[in-house]
Amino acid sequence: MKYVDEYRDGRACLDTAEAIKKITTRPWVIMEICGGQTHSIARYGLEDLLPPQLSLVHGPGCPVCVTPLEVIDKAVEIAAKPGIIFCSFGDMLRVPGSRKDLLSVKAQGGDVRLVYSPLDAVKLARQHPDKQVVFFAVGFETTAPANAMAVLQANALKLPNFFILVSHVLVPPAMEAILSAPDNRVQGFLAAGHVCAVMGYAPYPLLAEKYGVPIVVTGFEPLDVLQGIYHCVQQLEQGRHEVENQYARSVRPEGNIEALKVLAEVFQVVPRKWRGIGEIPGSGWALKEPYLSFDAERKFGVARVTAQESPDCVSGQILRGLKKPAQCPAFGTGCTPEHPLGAPMVSTEGACSAYYRYRRHEGRLLDVAKQFSPPRRQER
Amino acid sequence: MCLGVPGKIIKIAGEEGLFRTGKVDFGGVSREVSLAFLPEARVDDYVIVHVGIAISRLDEEEAQRTLDDLAALKGLSGGGAP
Ligand code: SF4
């Protein structure tokens, strides 16, 4: 298909990788922000094409991975109530909460439904006026326009039985949190193309300047990712730290103006806790005043839940680029996609799951593990 | 969840504003999506669709420029240029 096939051309990928090798003279650590990019890197084996001095670390851009445990627990609690149709993207159903996941609520008779879009949940609310329909609104700036639109549609249709459980997260504050951490290793970023398609990339020059890191807005096909890496390495080698747009076919500097208007109308910026990372100021969106009646947390008065993470899961370090999945002692043993201990093993965009699906049989994974693991951890 | 997919608009429905929708073809499978955020999008345009909403229109010229840049890199890696 147009706009897909030409960016998956194997020959061109090899040529681009060759060009990257040519310009790489020193070791560099580059982080791709988005789980879609992580998936592409694992699926097409892009790391194997790169010179050994380059390390790609996988960022926190998997919405399933960073949604806090407490929010999963709240979802589980609401979904189990009678008279509720609880709608969610498929990925969220299997994320372990502290006691159970949404799929087990469904197995125990809860009306939990998988939808493709929040707009489908609005349709369900119209079709079932006798039920309360709740949509689990998680995700980044890419998913938020659809969720904001769902609220505006429900508002226009005067639906009294549509609610959203919101836990939106924002990318630029997370990038800043990673860069400002004392143990940060990231020297350059591939910014998330579709986040920028919505938001534009106005906040990035400031980040690039303040932390001296190149930021290349990058797409998702293998050639996009390789070209993004090329531009990032080129800047690093030349000592530059600018913002470049590799994904100009989809991303305008100002973003999508119509979507931005609706987002500003429906959401306000709030501090948000990230699973595995902790609270980051100004890193989330919640519903704004005129739309609070759509807030599922308010409506169903979910109690404060205190949540317990699995002690074996090192997802926090993985999401900050400090560790690779294979360095987790539970990877592929205690933790698999069938029985995930942590969220990054659930979603196909999660680094642990991407590695498990595409790379677990490779000897190189073990080498990577040896190279990075502190010895004590490995002995377990 | 976060995977946006390109597709081609094959039909635009009547409604405007919040409820503007269209049929988008994803390499053989078509689906109704919201076009509310792309009031300028027309039939035959390619768009990126994310969870049922088109979030951006693909720009043909920019797409070509990206491919041209890649071709130029090949020239570099081929060994001719500096
Ligand atoms: S492999 Fe499983 S337990 Fe280990 S970090 Fe990933 S999700 Fe957590």
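1. Let's start in chain B, where V51(B) lies in the loop between strand 4 and strand 5 (53-57); strands (E, at least two residues) and helices (H or I, at least four) are DSSP runs, numbered from the N terminus. The phi of V51(B) is near 40 degrees, a positive value in a residue other than glycine. Most residues other than glycine have a negative phi.

2. A note on the basis: this is a predicted model, where local features need pLDDT of at least 70 and side-chain atom pairs count only at pLDDT 80 or more, while totals for chains, interfaces and linings use all residues. Residues are numbered from 1 along each chain as its sequence is written, and side-chain values use heavy atoms, with hydrogens and water left out.

3. Have a look at D44(B) too, in the loop between strand 3 (29-34) and strand 4 (46-50) of chain B. Phi of D44(B) is also positive, near 85 degrees.

4. Now for the ligand. Around the ligand there are 13 residues, and C313(A), V314(A), C328(A), C335(A) and C352(A) come nearest (near means that a heavy atom of the residue lies within 4 Å). By class, this shell has 11 nonpolar, 2 polar and no charged residues: Ala, Val, Leu, Ile, Met, Phe, Trp, Tyr, Cys and Pro count as nonpolar, Asp, Glu, Lys and Arg as charged, and the others, Gly among them, as polar.

Notes. Chains are lettered from A and ligands numbered from 1 in the order in which they are written.
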